[in-house]
Amino acid sequence: MSSGTEKRRLIGCSNSMPVARHSAQGWINGFLGMLIFSGSLPATRVAVQEFDPMFLTAMRAVLAALLALSALTLMRQRWPQRRDLAPLALTALGVVIGFPLLTALALQHTTSAHALVYIGLLPLATACFGVLRGGERPKAAFWLFSVLGSLLVGAFALSQGATGSWLGDLLMVAAVLLCGLGYAEGAVLTRKLGGWQVISWALVVALPLTAAAAVVTAPPAWPQVSVGAWCSLGYISLFSMWIGFIFWYRGLAQGGIAAVGQLQLLQPFFGLALAGLVLHESIQPSMIAVMVGVLVCVYGAKRFSR
């Protein structure tokens, strides 16, 4: 095991290290994480057509946890300290259980194209929790651009009532709030433990619950599942549940929770493109117009985030 100094050097994001020093790296890592997450809802939409939402949520977490536990064991990582367990539990509640389950349930009532626009509300939720849990203090102009971007996404979602349902919308709002909490908690811990360690330990902390849920919700007779559904389960387990968070948490820790979190405003743009290409869902011109406005808001929020 390396010394504490060497460990902080390898992690590259200790509490004593100024966040601004790694701002550019943070935006790059954050963008890669956001890009990986963009495929989550389309993949979940495919998988939930053939898997029960409860079983799907539990199974994706179990598969990711087994991979994470293997990595932690091979890298000989020490167990987190007792004071880190509560933040890890909140992280797991938000991103391991809450967001995957609620979005899987929501996608039974709406299309992934409609659900994706709610992801545009994530930056505002993440920024708010970044202030509450991370002690960040963005400038007033930052909030103006962040709220404007969220309003653009929200107004578009409300104008598309025919493609969604009130239950699906309510589930997506709850998912966004829990995810924002999980993002902020995980980002704060990343400055201490490291990005891949945080999501790995969060998965391990949740493993007893997710494993039990997978057993309880497993179908009595295994259904015939298509190759597309299996591939979707593999994607959301490996990439959405683990690899994406390695980049995302590191990006939030390096560049700031509120600032880099604004990249999630772009996730609907990439997700809608995937939904159109893979699921052949209709992409309206108004969606593209909203995303252009969102891009301007991301730029403005980045400029005034400090």
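Tutor: Helix 9 and helix 11 (residues 227–255) pack with their axes 8 Å apart, at an angle of about 75 degrees. Keep in mind that this is a predicted model.

Student: How are two packed helices described?

Tutor: Two packed helices are described by the angle between their axes and by the distance between those axes.

Student: And how are helix 9 and helix 11 oriented to each other?

Tutor: An angle from 65 to 115 degrees counts as roughly perpendicular, and helix 9 and helix 11 are therefore roughly perpendicular to each other.

Student: Which residues make the contact?

Tutor: From helix 9 come G182, Y183, G186, A187, T190 and R191, and from helix 11 come F245, W248, Y249, R250, L252 and A253. Sorted by class, this contact has seven nonpolar, three polar and two charged residues.

Student: Where is E185, and is E185 buried or exposed?

Tutor: E185 sits in helix 9, which spans residues 166–193. Buried means under 20% relative accessible area; E185 has 3%, so E185 is buried.

Student: Which residues does E185 touch, leaving aside neighbours within four places in sequence?

Tutor: With those neighbours left aside, E185 is in contact with P87, L90, T91 and R133.

Student: What is D84 in contact with, apart from neighbours within four places in sequence?

Tutor: Apart from those neighbours, the contacts of D84 are L189, K192 and L193.

Methods. Residues are numbered from 1 along each chain as its sequence is written. This is a predicted model: local features need pLDDT of at least 70, side-chain atom pairs count only at pLDDT 80 or more; totals for chains, interfaces and linings use all residues. Side-chain values use heavy atoms; hydrogens and water are left out. Helices (H or I, at least four residues) and strands (E, at least two) are DSSP runs, numbered from the N terminus. Buried means under 20% relative accessible area, exposed over 50%, partly exposed in between (1.4 Å probe, protein chains only). Contact means heavy atoms within 4.5 Å. Axes are lines fitted to C-alpha atoms, for helices over the stretch in contact, and angles run from 0 to 180 degrees between N-to-C directions. Angles under 35 degrees count as roughly parallel, over 145 as roughly antiparallel, 65 to 115 as roughly perpendicular and the rest as oblique. Ala, Val, Leu, Ile, Met, Phe, Trp, Tyr, Cys and Pro count as nonpolar, Asp, Glu, Lys and Arg as charged, and the others, Gly among them, as polar.
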